[in-house]
Amino acid sequence: MMLAPLRVGIAGLGTVGGSVLRRLHAQRTALGQRTGRDIVVTAVSARDRAKPRGMDVGALHWFDDPVVLATSDQIDLFVELMGGSEGPAKVAVEAALQAGKPVVTANKALLAHHGMALAELAEAKHAALAFEASVAGGIPIVKTLREGLAGNQVERVQGILNGTCNYILTRMEAEGLSFGDCLVEAQRLGYAEADPTFDVDGFDTAHKLAILTTLAFGVALDIEALHIEGIRSITPADLAAADELGYRIKLLGVAQRVGARVDGRVHPTMVPKSTALAQVGGVTNAVTIFADAVRELTLIGPGAGGEATASAVVADIADIARGIRSAPLGLPVTALGAAATLPVSEHEGGFYIRLSVRDTPGAVAAIAARMAERSISFESIVQRHPPRHGPDPSDVVPVVLVTYRTVESALRDALDAVVADGYIAELPQVIRIERE
Ligand code: NAP
Ligand code: HSE
């Protein structure tokens, strides 16, 4: 016996919502065959009723208020694609779950800040809360961690999780374009968040990493536990130096077990050109998982944009049509452990350091001495300046250092001493290196 159609209400008809609406329409027959249930959009909400949506929405029930849509008896499933961790998105998702309606969302900010409470509510109401699209766009990373790797102990997850930043860094490196021009283009292409500071300052990656950390390690969702840096400080000089040294610079989210603690970080990272992550350019995302049974698994795919993200949203809708409902965060909320955090000062690894050194005799030796005092040694030292007859103290010379593995607090102490010595003209640029 054919089940009754699944009636879908979509709040948000922008880059993602518009693509979801059109995709559900275009794939309706195939989705009905795949899930055994007709999936039909019956109602929508957005701010501006007159805005063109790429298809006629005149026959659908229109709701000015997404919260009213969320609990409407016109729908069986509420799809939230408005965005924002507070306000209508949060209130509408809570209202839908409270009414026992399943929810699909692409809203990583909402999940990173309220995922625990929302998952608890979903569990209490026996309603699905699905969010595949919230991490890495079209890559099915949530399902991979929650279902595909259920038989593994995950040790580490790392990835390029923000398409906008990867797009900007790739074009800056390859074409020498400015940061600002690349950001404007990423916005035009629909990759960036409504407020693109979320992208470039690392918060969007952190929202996604917080979700992955919970799914990978079974710990409570805690965005506050992550160390977060963005890409604004990366200069063409850093991209060129990285290239010369055999690295690329990527904004990575990294979460790994260190004993009983979790080391969670978001920051620009130098990765060797030979690694899978270094090959990933443009809006493409990639996530590498290190786990005991599969050892190493990398998923690569489009990380942003309407169509790629709609692919993940529609997959979640199809799961709900099939009647699939998992614990949203992989484990019941009450079974998630507390996340003990490794402070970034205890992080151990290699570092790239770019210094603007005053061109005086003994400057580099003094810097090296400050490092040696803390047992920090160098894999390479590169000092470059235009040809001249001798030192010129009014000038500064770029010096690039690459350290062997060292503890971050020791490096920061050494650099504080270097700054105090007065041999450098600007604050040091420091970029962590991940060699795997
Ligand atoms: P967007 O293009 O800015 O679209 C937002 C939509 O929400 C618009 O249709 C807007 O209406 C509607 N909206 C905003 N406030 C509303 C309110 N109070 N009541 C009713 N409707 C409201 O955003 P987007 O890029 O599609 O992103 C949507 C969500 O998907 C966000 O959570 C984002 O983080 C997530 N996401 C985006 C991408 C991507 O590549 N863009 C990828 C993954 C996840 P109007 O159209 O009338 O203005
Ligand atoms: N702004 C996000 C990005 C959208 O650039 O990756 C996808 O989550």
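I take a residue as buried when its relative accessible area is under 20%. I am working from a predicted model, and I keep that in mind for each entry below.

**Entry: Thr105**

I looked up Thr105 and placed it in strand β5, which covers residues 103-105. Is Thr105 buried or exposed? Its relative accessibility is 1%, so I count Thr105 as buried. I then checked what the side chain of Thr105 touches. It makes a polar contact of 2.6 Å with the side chain of Glu80. A polar atom of the Thr105 side chain also lies 3.0 Å from the backbone nitrogen of Asn107.

**Entry: the sheet that holds β5**

I followed β5 into its sheet. Six strands make up this open sheet, and I read their order as β3-β2-β1-β4-β5-β6, with parallel pairing. Which strands are at the edges? They are β3 (61-62) and β6 (129-130), each of which pairs on one side only. At the β3 end, I found two bridges joining β3 in parallel to strand β2, residues 39-45. Val44 has Trp62 in β3 as its bridge partner.

**Entry: ligand 1**

I listed the surroundings of ligand 1 and got 25 residues, the closest being Val16, Asp48, Arg53, Glu193 and Gly305. I sorted this shell by class: ten residues are nonpolar, nine are polar and six are charged. Next I looked at contacts to oxygen atoms of the ligand. A polar backbone atom of Gly305 is 2.6 Å from an oxygen atom of ligand 1. For Thr15, a backbone N or O atom lies 2.9 Å from a ligand oxygen. Lys108 uses its side chain, with an N or O atom 3.2 Å from an oxygen atom of ligand 1. How much of ligand 1 does the protein cover? On its own the ligand has 900 Å² of accessible area, and the protein covers 86% of it.

**Entry: ligand 2**

I repeated the search for ligand 2. It has 13 residues around it, and Lys108, Gly163, Thr164, Tyr191 and Asp199 come nearest. By class, the shell of ligand 2 has four nonpolar, four polar and five charged residues. The side chain of Thr164 has an N or O atom 2.6 Å from an oxygen atom of ligand 2. The side chain of Lys208 places an N or O atom 2.7 Å from an oxygen atom of the ligand. Tyr191 takes part through its backbone, where an N or O atom lies 2.6 Å from a nitrogen atom of ligand 2. Alone, ligand 2 exposes 260 Å², of which the protein buries 94%. Which elements give two or more residues to this shell? I found α7 (163-175) and α10.

**Entry: helix α10**

I went on to α10, residues 203-217. At 1.5 Å a residue, its 15 residues should span 21 Å, and the end C-alpha atoms are 21 Å apart, so the two values agree. The helix is mostly covered, with 14 of its 15 residues buried. After α10 comes Gly218, which has a positive phi near 65°.

**Entry: strand β10**

I finished with β10, residues 261-272.

- Strand β9 (residues 247-258) runs antiparallel to β10, and twelve bridges join them. One pair I looked up is Ile249 with Met270 in β10.
- Two residues lie between β9 and β10 in their hairpin, where Gly259 takes a positive phi near 60°.
- Strand β8 (residues 227-228) runs parallel to β10, with two bridges between them. Here Ile228 stands opposite Val266.
- Strand β17 (residues 429-433) also pairs with β10 in the parallel sense, over two bridges. Thr269 has Arg432 in β17 as its bridge partner.

Terms used: Residues numbered from 1 in each chain as written. Chains lettered and ligands numbered in written order. Predicted model: local features only at pLDDT ≥ 70, side-chain atom pairs only at ≥ 80, totals over all residues. Heavy atoms only, no water. Near = heavy atom within 4 Å. Polar contact = N/O pair within 3.5 Å; in protein donor to acceptor, adjacent residues only side chain to side chain. Areas by Shrake-Rupley, 256 points an atom, 1.4 Å probe, with all protein chains shown as cover. Nonpolar A, V, L, I, M, F, W, Y, C, P; charged D, E, K, R; others polar. Buried < 20%, exposed > 50% of the residue type's maximum accessible area, 1.4 Å probe, protein only. Helix = DSSP H or I, 4+ residues; strand = E, 2+ residues; numbered from the N terminus. Pairing = 2+ DSSP bridges. Expected span 1.5 Å × (residues − 1).
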